[in-house]
Amino acid sequence: MTKQLAAKIICPNPECQAPNPVSQNFCAHCRTTIPKIYLWAVGEDAQSLKVGQILANNRYLVVGGRVLLDTKPGWQPEIAGGASAQNETLRQHHEPRVSEDILPYLRLIGHRPHIPQVYGSIAFNRTGKRPTTLWLLEKGPIYSEGLGTAVAGKLMPELAVSWKSAASMRQLNWLWQMANLWEPMQLEGVSSTLLKPELLRVEGGLLRVLELTLDDGESVPTLADLGNLWKQWHKQARIGIAQAMDKICTQLISGEMTRVSQLIAALDEALHTAGQKQFLNCNYVTLTHAGPSREQNEDACYPPSGEKLYQNTGADLSLAIVCDGVGGHQGGEVASNLAIETIRNRIETVLSKPEKRYPDSITIEIENSTCVANDLISLRNDSENRQERQRMGTTMVMTVVYGHEAYIAHIGDSRVYRISRTGCHQMTLDDDLATREVRLGGVLYREALAMSSAGSLFQALGMNSSTALHPNIRRMLVDEECIFLLCSDGVSDRDRVEEYWQSELLPVLEGKVDLTTACQRMINMANTQNGHDNSTVALVHCQVKQPIETGQSTMIQDLPPEASSFLVQPSTLLLGTPNHSDDVDELPSKTAVDRDRKPLIIGAVVLFLLMAIGAIGWFFFPPQALKPSSIPPNPALSPNPTESPTAPASEIEPSPSSP
């Protein structure tokens, strides 16, 4: 502990580099923000690390278990063995220079934030043993400083532990994310990771993997193995999903369900049912600015910049788009606006039809609209005889929120971030050369960023035919309050979003700042802290109200008037309202449990009295005394109104919607 207290963290400002106490969040000399980068160590000797150790020339401080803190966050992470001409040759030929158990991290980089990434590696020497290599993983399920020093550097809770207190929608969400990860992880030979509960952590609704483990070549994991794991959790599944989960587990274990597509379809069906009990409200606003150093603004956004705050319920589509044009004056501006107009018109026209609002249909339409926009810009380039660097183009990023789902699509290096009370995560992966090198498994991400051509884009709208275009489309579920931040690189450059999300966007979730003000503050931040480019921001604030589930009963709490008018009001139910939070996975205290039991006890007593009164009434007024005609049938309660005995089928008129 003495070493930990004595350790210093170096200011990342290259002109300062002053040492600061580990507890400091800002440099005491220049007031530069000091990022706290917590890392997870993997390797043969990772278990032998001791709290307080300082490794790799006094750089990495062991703060707990296998969790390390980088005390030189402004420095390029080391790679055990160092850089060499041989490493550069390997990189140019895309030959891996990392071990086989590390390659899957690189190839699965597109599945962040579920999968952590490799930060670097260090040589670790144990007394009396040969040196080994420890690989350091970043962006794993480790709490950051922003949530307070009490949890900073600690691991997020295991899924199995949080499962028993999670709502129906969240339980299904975690299963759905596991199902979507199964196939890509199986291709990389690491699907057995999903069968090890100790490696499955959760951050609210997000599934986070602690580390990857290679599959045993002699016993390849199957979906039946996944079904057996889920069967253990089924015992504590919410009553609203227990039957559907039991059916899925049975089909997986018996071999009736053998394809991932079947599993995802079954989960989608269960999610559709559970999602109807969830209320989702979206507020969204956009703002764009030319920036202090540019005369022309080549960015564009939808809804139009600076207009009123838009508000949609879950029954409506919430569409937001940000484009960053390239091609100079009368080039980038034309391309970005043409892309916005084309994509908006197609999506709103096609998806205005309810029969088109299904996952596959929405995904296909997003891809089609992107390709149509690409071809229109490309045709414009051809008609104006623009060649190579003269061709105008644009990046594109969009979100479509509908029901309990969010669809994220992007081309280029404009980004989408997801901000919740527990973290900020980049949900898109730039279409640049740096990430392409990582996907090929030849270089670590932070190494790739140091390459001279790292930021060069390999695809953007308008540069080539749609046959060579590969839109990145991601579907995710929304089961908690969050903000989707869409932005151009004028905002995200130099990791400004990661640096400022807590001060500028977290207050929105805390109810301290309105969305329009937060949008303006993000633009101001970009202009003052970056300032080299146009800046565009779109904020989509998703507010979720879940049914509160107590035992076998469900009641709705805190719904807006327009959504709760047809529901029984909570005050009429003899059930207590438990004190719960999406962001806290701790068990309630005994006092809280006793307090929550009181309404249940009262309800039980009242129920007993009602049953006693009913029994007395049954004794004095037996059912035979009632004539059938004295109880008129209620068609609304009939399983099939057309079979009601009170009206012949020929007398029932078809509804106006019948064909």
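Start by selecting Leu159, Met178, Trp230, Trp233, Leu263 and Leu267: of the 73 residues in the largest nonpolar core, these touch the most other members. A nonpolar core here is a set of buried Ala, Val, Leu, Ile, Met, Phe, Trp, Tyr and Cys residues joined through side-chain atoms within 4.5 Å, and buried means under 20% relative accessible area, with a 1.4 Å probe and protein chains only. Next, colour helix 5 (residues 168–187), which gives this core its largest share, 10 residues. Helices are DSSP runs of H or I, at least four residues, and strands are runs of E, at least two, numbered from the N terminus.

You are touring a predicted model, where local features need pLDDT of at least 70, side-chain atom pairs count only at pLDDT 80 or more, and totals for chains, interfaces and linings use all residues. Residues are numbered from 1 along each chain as its sequence is written, and side-chain values use heavy atoms, leaving out hydrogens and water.

Now click on Trp230. Leaving aside neighbours within four places in sequence, Trp230 is in contact (heavy atoms within 4.5 Å) with Leu175, Met178, Met245, Ile248, Cys249, Leu252, Leu263 and Leu267.

For the last stop, find His541 in strand 21 (residues 535–545). Is His541 buried or exposed? His541 is buried, with a relative accessible area of 6%. Show side chains here: that of His541 makes a polar contact with the side chain of Glu481 (2.8 Å).

Finally, zoom out to see the whole protein, with its 18 helices and 23 strands. Buried residues make up 48% of its 659 residues.

Key: Buried means under 20% relative accessible area, exposed over 50%, partly exposed in between (1.4 Å probe, protein chains only). A polar contact is a pair of N or O atoms within 3.5 Å; within protein, one must be able to donate a hydrogen and the other to accept it, and residues adjacent in sequence count only if both atoms are side-chain atoms.
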